[in-house]
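Let us walk through this structure step by step. Have the sequence and the 3D view ready.

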Amino acid sequence: MSLLKRINPFSKQNEDTGFGTNPNGYGGRFINRDGTFNIRREGRPFWDRFSVYHTLLNLPAWKFTCVILLFYFSINLLYTGIYWTLGVEQFQGIIGQTPWMRLKEIFFFSTETFTTVGYGRVNPVGDGANMVAAIEAMSGFLSFAVATGLMYGRFSRPRAHLVFSDNALIGPYRDMTGLMFRFASYKDNHTLTNVDVTVTIGLQVVENGSPVYKFYTLPLERGKVESLSMNWTVVHPIDENSPLLGFTADDMRNADVEIYVLVKGFNDVYANTVLQRTSYTYEEIQFNRKFIPMYRESENGRTTILELHLLNKSRET
């Protein structure tokens, strides 16, 4: 059901979001909580759309390790099969007496060739085995160059390292109400500087008898801080300029409200500008609540303690 009530006419509409206005083609939210866009592309072959580099950069560490190990053992098994097909007589130095022992020696010869270690007891003497070994050595150092680049990319890739509250809240703010959420940097020494935050709301309304999406950039109490050493509670005052003026929880549900957030700042560790996105749907907005403080003074009074486990803690108002 689309929102039937009139949007605050003093709200400034944002037509530069990159999202369309027709709600019939959209499914679910615009942006996922992890900051990725909630979209799946079709109409082109899978390999045209699939990015190996992006996938390997963003795999969890344990999955990336498994991929490297699986590739290493698989390609050596492939070369072992080729050597075995060419025949054991293409090699000298093999001392195994059974087929299984000889197969193991050829496999370990393959690993030594692939890594360019080359211990030397087993070596190819036939033209076929020498040709395959030359190709394997080349593929080995090329593979390690790619793996090294991926590891460096994963290690050095600039990130914001921000964690957002699970919910956005609507509660008392000064002499009115405000929409608020908060986030913090969870990495030691990764303090962001010149941090900007942009908050945009998308909602569905009926215009000329048809449902359409409208987008508004929400004015904030503060849209920039010089340094993000602690947490930041971002507040949108719901005043006479707010598109949320007079909204109830039912109004948000009917309008399919989604609030999406873009945070951008400079990370001193990476010496680079980083950004992170997230969003809150109407189901993730709670009314009549307020965040509790998440920092305290240390026992000796010399340090401020940022309690990240309290990021989502709030109380009723």
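At what angle do the axes of H3 and H5 cross, and within what distance do they come? Bear in mind that this is a predicted model. Two packed helices are described by the angle between their axes and the distance between the axes. Here the axes of H3 and H5 cross at roughly 175° and come within 11 Å. An angle over 145 degrees counts as roughly antiparallel. H3 is therefore roughly antiparallel to H5.

Now look at the residues that bring the pair together. From H3, the contact includes Ala61, Phe64, Ile68 and Phe71, and also Tyr79, Ile82, Tyr83 and Leu86. H5 answers with residues that include Gly128, Ala129, Val132 and Ala133, and also Ser143, Ala147, Leu150 and Met151. By class, this contact of H3 with H5 holds 15 nonpolar, four polar and two charged residues.

H3 spans 61–86, and both H3 and H5 supply at least two residues each to the lining of the second largest pocket. H5 gives the most, with six residues. The volume of the second largest pocket is about 280 Å³. Among the residues that line the second largest pocket are Leu56, Val67, Ile68, Phe71, Phe114, Ser143 and Met151. Its lining has eleven nonpolar residues, one polar and no charged.

Next, turn to the largest pocket. Rolling a probe the size of a water molecule over the atoms shows where empty space is left. The largest pocket has a volume of about 1,300 Å³. It is lined by 34 residues, and the closest to its centre are Asp34, Thr36, His54, Asn58 and Arg157. S11 gives the most, with five residues. The lining of the largest pocket divides into 15 nonpolar, ten polar and nine charged residues.

Where does Glu307 lie? Glu307 sits in the loop between strand S15 (304–306) and strand S16 (314–316). Is Glu307 buried or exposed? Its relative accessible area is 16%, so Glu307 is buried; the cut-off for buried is under 20%. Setting aside neighbours within four places in sequence, Glu307 is in contact with Met294, Tyr295 and Arg296.

Technical notes
Residues numbered from 1 in each chain as written. Predicted model: local features only at pLDDT ≥ 70, side-chain atom pairs only at ≥ 80, totals over all residues. Heavy atoms only, no water. 1 Å grid on protein atoms, 1.4 Å probe; cavity = no way out; pocket = protein on both sides within 12 Å on 5 of 7 lines; lining within 4 Å. Points joined across faces, edges and corners; volume = space filled by probe spheres on them. Helix = DSSP H or I, 4+ residues; strand = E, 2+ residues; numbered from the N terminus. Nonpolar A, V, L, I, M, F, W, Y, C, P; charged D, E, K, R; others polar. Axes fitted to C-alpha atoms, helices over the stretch in contact; angles between N-to-C directions. Parallel < 35°, antiparallel > 145°, perpendicular 65-115°, else oblique. Contact = heavy atoms within 4.5 Å. Buried < 20%, exposed > 50% of the residue type's maximum accessible area, 1.4 Å probe, protein only.
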